[in-house]
Amino acid sequence: MSKKRTRPIAEGSEWTVEAIDRYDAEIGRVAKAYGLDCYRHQLEIITAEQMMDAYAAIGMPVYYHHWSFGKHFLETENRYKRGQMGLAYEIVINSDPCIAYLMEENTLTMQALVIAHAAYGHNSFFKGNHLFKQWTSADAIIDYLVFARNYIAQCEERHGFAAVEQLVDACHALSNLGVDRYKRSPHLSLEKETLRQKEREIYLQAQVNDLWRTLPRQDAAVAEQDEPRFPREPEENLLYFIEKNAPLLEPWQREIIRIVRKIGQYFYPQRQTQVMNEGWACFWHYTLLNTLYDEGKLTDGFMIEFLQSHTNVVYQPPYTSKWYSGINPYALGFALWRDIRRICEAPDAEDREWFPDIAGSDWRETFDFAMRNFKDESFVAQYLSPRLMREFRLFSILDDDALPKLRVDAIHDEQGYRALRRSLAEQYNLGSADPDIQVWNVDLRGDRSLTLRHFSHQRRPLGPETERVLEHLATLWGFTVRIETQMPDGSVKQIAEHRNERRSRPST
Amino acid sequence: MTVRIVDRRQDSKNKSSINRSRFIQRFSGQIRKAVADAIARRGIRDIDSGEKIGIPGKDINEPHFRHGQGGVREIVHPGNDRFNTGDSVDRPLDGSGQGAGGASQDGEGMDDFVFTLTRDEFLDIFFDELALPNLVKRQLARIDEYKRVRAGYTQSGVPTNINLVRTMRGAAGRRIAVGAPFATRLRELRAELERLRRDCPGDPEILRIEREIASLNARSEAIPFIDPFDLRYSNRIRIAQPTTQAVMFCLMDVSGSMDESKKQIAKRFFMLLYLFLNRNYEHIEVVFIRHHTVAEEVDEENFFHSRETGGTIVSSALKLMHEIVVARYASTTWNIYCAQASDGDNWNDDSPLCRELLSASILPLVQYFAYIEVTDGEPQNLWLEYERLVDSHPGLFAMQRINEVADIYPVFRELFRKRLA
């Protein structure tokens, strides 16, 4: 390395706007050389308090108001002030331009780390991964949040804050079952959204009213058994079903349900790609900063501080540790991406046997393909190598309540690799993490009661909160709601019911 | 191309404050209860802090459809140090500990949710919906105190208020502005004169120019050095200043019939009043007067804890209070509040005297007089006499009966309930 080039980008640990600017330019240059494709980005410098605000609103710069965010805020504040937790160094928002927050308390090194991690790592993931591309509209999300906040604030003024709160509570309770898993949501901007909202209001109300028409039907003679089931097909998006079909809701209530649903949908890909996304960002901050170091642009002090934070983030405590709380997505993700690069660059015989298609290939191409086309579940299933399982010393425990003891099902050995990989991938399958509950039937002719059906997976029962969720559901639906479980053998039994003879009008 | 860096540190800090207050509003029931518990532990003047509050975690948990315990699950853990395929392991007792199958996250919500209320939030909750009767009217409408504050400059005023700096600055500006055309012309003429003298001395033009210069000089010197127009006076205005001090009289019967528990009840009541006043006034003094057949002024310790015996003459305390007010708290600068606690026992012929004292000399001086009777028996003669004051002094005099500790808070609220103006 020539002596001439070894002038570091900046010295010292105090950050300045100019130093951040220079770091960003350098990191951006290296990222470009590696072919990372990112949204434009914007760095925002905030205080610790603002960071806690951002936490409470799941990182979004604008959000509607709700007590539960206040609860998160108090929780964070309390723990932070008592020193039980540090704040995350960064929050990054999947929007175009992508916004990354830098906290003012951080040192210059940490700011550079955050820029590499968030503004280039996460950013390129948001732009490239198919789930984000398909499910979220980075260019419209801020507009939509502004629309949502204003709309909900208006509703609070018009219909009273208690009524809105009750509604949002109910929506939040159902939010994990309010996402479409297979259909794509359309792109919309703020103006379009406002315009469409008006039309939708009128149209939807007309639809619903028709469904519950009380006028005598022309074809009253049609036999009872010919009455089609409603819904025709079971519906797994509970909030969607309620929004479109709940008989007693006012138009503004439908709109709020829609807002909660849309925002939930926006966050869904994040839940599905945690390991990949965090691993990707860690890999890139590690790689970008190391490249800069090799070019002589970073000081040794910088590297030591950086590596210390980096190591803390990607540390995986063993199951015996008192710090252990499951597999650290940062650690697993980072290790997976590093391992893929290793398989591409220096494959051994085992790799050639397990990964014949990528062993020895160009790692940048392989990375690009993997980043774009997978989610956690499939990513682990595809790329978790035997070597990595040995490194992590993974083992799988079977907990069957029909057996008196836990059983070790597979460990990191020749017989266990495939089983281990399968069960780890399954662990990241949101489809089986959330209970499978669908709208099964509505008694159109009788008491208008709504029946949900829970399809039991691996005999897992529903938790004790079920009845409270059902209560929320009943306030939305307005009539009796019940939930039944269908066991794998086909037997069905009712678990809970919330009777609601005739709900008082929502405006009261 | 450089990146866009936005410094947001000066932006609104408390984005979450709405959500925070929503949260407090939503769980006001639980929080109010926790606050009431906290009050019981505090001393009467000890209110200058927030309070750490815990409310049951399960109340604020947000429910979702989730899997419960049971069924079959397979979980992968890292760091294997002893297991082989097929090993059997005992279930850990509480779902956590070594080799645990998913230390359950559901357990987390069951602890108390602990957070810190700021002092203001703490008191807000405590005094929710409370206001002293006529408080707004008296504090804001009838203003006795004024303060003079600076308010910029005016063009008229008395000579003592002339602001020299402003005046001279204005004068200098005016002189420059008015003299500018002359100065420009002078510069031109001088240059011309210079040129003519050098190039063609003897030109009659020189004379003309010299004359013009002289006339311009005279005119520019005629610009007044200072003009009445330049004068600026420091301006002061009067702004109303609400009275910010209050004195609170605590009157308590310590005769033999007031036992320790009744005194404790009374203490809580005084405490509440003190807290409430502290919220409304910057400075508060507390006067403790206890009485049996004679009244005396004591300190807090003696007030609550020493015990006397004997009969009861309530009017003695009222007289003493009146004397103290006249001597130490002239009524225009002090807001006077009085809370009297008694078990209602009084010598029969003293009660009418009490009523007269109150209506003639005390009630005209005070902002509010609250009487609480700590008793579980029938109303006594003092109560009956006082009842006649309630109608003749609405909003100024209030009375309530308390049977046990739990009654205090509702009674307090009742006494100081916000009245519609």
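A:P97 sits in the loop of chain A that runs between β2 (90–93) and β3 (98–103); helices (H or I, at least four residues) and strands (E, at least two) are DSSP runs, numbered from the N terminus. The peptide bond that joins A:D96 to A:P97 is cis, with omega about 0°. The model is a predicted one, in which local features need pLDDT of at least 70 and side-chain atom pairs count only at pLDDT 80 or more, while totals for chains, interfaces and linings use all residues. Residues are numbered from 1 along each chain as its sequence is written, and chains are lettered from A and ligands numbered from 1 in the order in which they are written.

Two further loops of chain A hold backbone features worth a look. Most residues other than glycine have a negative phi, and most peptide bonds are trans. A:R448, although not a glycine, has a positive phi of about 65°, and this residue belongs to the loop between β6 (436–442) and β7 (450–455). A:R459 also has a positive phi, of about 60°, and lies in the loop between β7 and α20 (466–477). A residue is buried if 20 or more other C-beta atoms, placed from the backbone, lie within 10 Å of its own, exposed if 12 or fewer, and partly exposed in between. A:R448 counts as partly exposed because it has 18 C-beta neighbours inside 10 Å; A:R459 is partly exposed because its count is 16.

Taken as a whole, chain A contains 20 helices and 9 strands, and 44% of its 508 residues are buried. Two residues are in contact if their C-beta atoms, placed from the backbone, lie within 7 Å. Of the contacts in chain A with a separation of 6 or more, 71% are between residues 24 or more positions apart.

Chain B has 13 helices and 13 strands, with 27% of its 421 residues counting as buried. In chain B, 81% of the contacts between residues at least 6 apart in sequence join residues at least 24 apart. Helix α10 of chain B covers residues 314–328. The expected span of a helix is 1.5 Å times one less than its number of residues, so the 15 residues of α10(B) should span 21 Å, which agrees with the 22 Å between its end C-alpha atoms. Among the buried residues of this helix are B:V314, B:L318, B:M321 and B:V325. The buried residues of α10(B) pack against several elements of chain B, including β8 (245–253), β9 (283–291), α11 (351–362) and α12 (381–392).

The two chains meet where 54 residues of chain B are in contact with 75 residues of chain A. On the chain B side, β1 (4–7), α1 (17–26), β3 (72–77), β4 (88–89) and β5 (113–117) each supply at least two residues. Strand β4 of chain A (residues 395–400) and β3(B) run antiparallel and are joined by 6 bridges; strands pair if DSSP finds at least two bridges between them. In this pairing, A:L398 stands opposite B:E74.

The predictor assigns the complex an ipTM of 0.82 and a pTM of 0.69. pLDDT is the predictor's confidence in each residue, from 0 to 100; chain B averages 76, and 77% of its residues score at least 70. In chain B, pLDDT stays under 50 over residues 95–110 and also over residues 129–143.
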